[in-house]
Number of protein chains: 2
Amino acid sequence: MADAERKLADGKARIDFNTDPSRYRHWKLKVEGEVATLLMDVDENAPLFEGYQLKLNSYDLGVDIELADALERLRFEQPQVKVILLRSGKPRVFCAGANIRMLAGASHAHKVNFCKFTNETRNAIEDASENSGQRMICVVAGSCAGGGYELALAADHIILTDDGSSTVALPELPLLAVLPGTGGLTRVTDKRKVRRDHADVFCTTEEGVKGKRAVEWRLVDEAVPNTRLDQVVAARAREFAAQSDRPSGAKGIALTPLDVRASADSRSYKYVSVEFARPERLVTITLRGPGAPPPADAEAMVAQGAGFWPLALARELDDAILDIRLNEFDTAVIVFKSEGDPAAVLAYDAFLDRHKDHWLAREIILKWKRVLKRVDLTSRSLVALIEPGSCFTGTLAELIFAADRSYMLVGRHDGDNRPPAAIALSQANFGPYPTANGITRLQSRFLADGGAVERARASIGTMLDAEAAQALGLVTFAPDDIDWEDEIRLFLEERASFSPDALTGMEANLRFGGPETMESKIFARLTAWQNWIFQRPNAVGEEGALRRYGTGQKPVFDRKRV
Amino acid sequence: MADAERKLADGKARIDFNTDPSRYRHWKLKVEGEVATLLMDVDENAPLFEGYQLKLNSYDLGVDIELADALERLRFEQPQVKVILLRSGKPRVFCAGANIRMLAGASHAHKVNFCKFTNETRNAIEDASENSGQRMICVVAGSCAGGGYELALAADHIILTDDGSSTVALPELPLLAVLPGTGGLTRVTDKRKVRRDHADVFCTTEEGVKGKRAVEWRLVDEAVPNTRLDQVVAARAREFAAQSDRPSGAKGIALTPLDVRASADSRSYKYVSVEFARPERLVTITLRGPGAPPPADAEAMVAQGAGFWPLALARELDDAILDIRLNEFDTAVIVFKSEGDPAAVLAYDAFLDRHKDHWLAREIILKWKRVLKRVDLTSRSLVALIEPGSCFTGTLAELIFAADRSYMLVGRHDGDNRPPAAIALSQANFGPYPTANGITRLQSRFLADGGAVERARASIGTMLDAEAAQALGLVTFAPDDIDWEDEIRLFLEERASFSPDALTGMEANLRFGGPETMESKIFARLTAWQNWIFQRPNAVGEEGALRRYGTGQKPVFDRKRV
């Protein structure tokens, strides 16, 4: 299921996104006080799929799953870590980028979703720097090419060894006829603000750029001779650490393994259930509200650790989404449902808001932000069904606004004597969870009418029934029990009948109205072009550059400029 | 050459972008005082290519070439026109959008460049409204679907006949498995600010939306019963005209036919020469400076009309670029050269700046803005070669900054006793010609360093030799005569050897660093996704929706979501 065309090297049927440092094959994580070192040392004999080796610190999704895990742990388990040093554990090579044989053999769907995940991991690095006080310094010795340099670009500061041979390079175009698509082109122009003609030269120069020119062209921040390297790295670590607001004395919480029970048609976590209706190309994700009121204070939250409901739910939802994205390509629609006490969810929002200056509450809010962005970027049609017994309030209401559309039942289902469904907003809907394009989901929903956002804000805390929710513009349709089943069924059947590609393109446009940011440009301008190129024979055809790389045969190109 | 797979219906080898109202087959242009009516009345028997009919006011590139021509003429020939009414000349149909059989039979390169041109035409409608006081009211009676509604979306105001049957629709996704890619999705969210869940319903509803719901969902501005239609249209025309700053009494200039002589390997205009070196996949465009100083005053400019050098040059360059885009797909690189007196070009910039409040000077400046944007969006590698005898100053220097890179000779070529090349900036480089993303080309070049823009501004009017230009960051490389030929040759050979697709994707990213606007989003987010879909078997394969449309057979989709 993971990729119909290939077998996972571990013999399993699904890609597993859960790991921990004891199982890492590719990274070494060392923490010394406020500085952590993340050492990339890829085991070439531990690829995710059969059929290739991960030479020269090249990576596949398996390598990136470990990196993403390490970054999460640094946030939650090491609150005192203020600086991350990203280095290579191999001599003469920092990182050769995404593994080319893996790419050449991967299905289009895997390739695109692999790139999406690696993009999200790099965005998470920047989020940690911007919002969580955890800055990254990348120390490049040896060759740093393609995805390797794109990883470096996610850091705050790039130090290049000035040894006459260490280089940074984006050789994708000359070598492989694809783009530096993991944010590379966008970060070169928009983050590092390299002059566009220099960027043109750089991105067409297979051998890369070293030393002084790399600094002059803003590709790295400094080029430092080997003799001074340790000293400069230590100095920069101290400087960045001094700017951090992370708590020096705090003790982290353990990100304990997710407890997930999987059957052929379901995945069941503590607060999330996933049901696959494969003949209908449908997945239903049900989120459950908290079983108890919020703890008394921040210390009690820390004591609950990974069991604290908002954190547990966020981690489970994240895992469920990733599992669908990369293991269930045939899914057309994800249905979001919820079960629980609407007021209890709001109580947790209020708790997090009250403690938002506490490091752990801040991390949990930021985690939800990232998970919700992951939902926005998931190329499946998303719908929220709001029925009696549900708890789509506050943070969970963001799923209504992330969805392509929503249906809220007016009144009750025949024979169900629970009270009608209600939704309610909290402060969480008005700031902490911006989308990739930098605005809240409600701002994005009401681009035409700032007044609608204010009317929604005025309703904070009020339980809204279907009519009230519709009057405020918060849900798409509000059918009653007579129409509900038919209307939902028709929608789901219709969605499953449409071209999956056209839906992906449409949703990638309609979900991101309004402004763009560097992050949203990566997923829009850059990724969309890369996906196009990933379809073109010049890259992926029998005679294309990606297929022919390493064979000694030159690629043959269709010379038409499109 | 126009499209290797098809024959032009007129029997010619190249698509011709020049036309005039006497030759229109598809549009009727009627001017009454300050209101013009542009009537779409497509001749189904006059398609651009053989093999299809243009039924139901559907369009192909030929229809759009006439529309673009009519819009240009309304600006230059009818300065008193303040409002354009866009209507259909056919009963029961406004416009059925891009012709599906044309799309199904077109090469990928033609399809992409057709969409680019139609996008530019719609952007020009919005530019006329925003900057030239010429507002457009679209009056929809009958069915207005797909590209038809996308055309309506370019207007300032959409009036839908409320007759129980007139509808607006974007049926591309359900019907054809492609996107409303001519700005449709972006304008729905970013211009009309339709709520995204409503947009989702609208874009998946084949039959469209009519009357009251169309107004409520912001898809149109008003729905008016037939009995009141004429009255409402007249009232709106008066209201919009009252807001216009176009000169009521002015007399227009005639956009006389371009004088172009074409041979197998060249196109020669009065101020522009185009040379094709097809074995090298190279086109050289040489722009010639003015033959005389600027006229004494605005009246003299009007008297010169289409012969006025800046206008003549802009029209010729525009035609040359379009000819290459759609007739010379194998071209890898466009080389820009210039010949003339650098000071004379600056004198014209000063003249236009002095008279920028005169309607004609304003139109000419806006025309240059559009032509330069067309250059930015041309998917060929662009290079400016700056040598002795050239006149890349002011407005013409924008081509240096539009290029992917530039080379400026230090000193002279051996045996050439002309003075070394010089460039110079004018006010024109600091405002009037923003790119699609809303900033000047110099701001885009110096994203890292606003100071560099200010240093460049301080040099206005100063003739800069190669070293000075390079010190200011205005050119990429400044080789001397010893290196010049080899360096240029290597660059051109290298560029021609790369994958054309990867270059297109790379340039579409590196040329547009920094902010995005609605316009740039159309070309980035929307177009890139549409281009991807235009490659996918679900749309264009043998069993795809675009191929199977109208055959009675249902399309067969690969169900994988990517």
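Predicted model: local features only at pLDDT ≥ 70, side-chain atom pairs only at ≥ 80, totals over all residues.
Which side chain does Arg405(B) meet in a salt bridge? The points below take this up along with the rest of the contact between the chains, and end with one residue of chain A.

1. The salt bridge. The partner of Arg405(B) is Asp200(A), and the distance between the two side chains is 2.8 Å, taken from N to O. The interface of chain A and chain B holds 16 salt bridges by the rule applied. Polar contacts across this interface were also counted, and they come to 61 residue pairs, with both residues at pLDDT 80 or more.

2. Where the chain A side comes from. Helix α19 of chain A, residues 500-510, supplies 11 residues to the side that touches chain B, which is the largest share. Sorted by class, that side of chain A has 39 nonpolar, 22 polar and 27 charged residues.

3. Extent of the contact. Chain A contributes 88 residues to the contact, and chain B contributes 88 residues. Between them the two chains bury about 8,400 Å², and 56% of this lies on carbon and sulfur atoms. In chain A, the residues that lose the most area to chain B are Arg196(A), Arg525(A) and Arg561(A), which together make up 14% of what that side buries.

4. Symmetry. Chain A can be superposed on chain B by a rotation of 180° with 0.0 Å of shift along the axis, and the RMSD is 0.0 Å. The two copies are therefore related as by a two-fold rotation axis. Within chain A, Trp532(A) has the C-alpha nearest the axis, at 2.1 Å from it. Both copies use the same surface, since 100% of the contact residues of chain A recur in chain B.

5. A residue in chain A: Glu222(A). Is Glu222(A) buried or exposed? Its relative accessible area is 14%, and the cut-off for buried is under 20%, so Glu222(A) counts as buried. This residue lies in strand β12 of chain A, residues 222-224.

6. Neighbours of Glu222(A). Leaving aside residues up to four places away in sequence, Glu222(A) touches His157(A), Ile158(A), Ile159(A), Leu160(A), Val215(A), Val232(A) and Arg236(A). With Arg236(A) there is a polar contact between side chains, at 2.5 Å. Val232(A) is 10 residues from Glu222(A) along the chain, and the C-alpha atoms of the two are separated by 9.8 Å.

Key
Residues numbered from 1 in each chain as written. Chains lettered and ligands numbered in written order. Heavy atoms only, no water. Contact = heavy atoms within 4.5 Å. Buried area = accessible area lost by both parts, 1.4 Å probe. Salt bridge = Lys/Arg side-chain N within 4 Å of Asp/Glu carboxyl O. Polar contact = N/O pair within 3.5 Å; in protein donor to acceptor, adjacent residues only side chain to side chain. Helix = DSSP H or I, 4+ residues; strand = E, 2+ residues; numbered from the N terminus. Nonpolar A, V, L, I, M, F, W, Y, C, P; charged D, E, K, R; others polar. Least-squares fit on C-alpha atoms with pLDDT ≥ 70 in both. Buried < 20%, exposed > 50% of the residue type's maximum accessible area, 1.4 Å probe, protein only.
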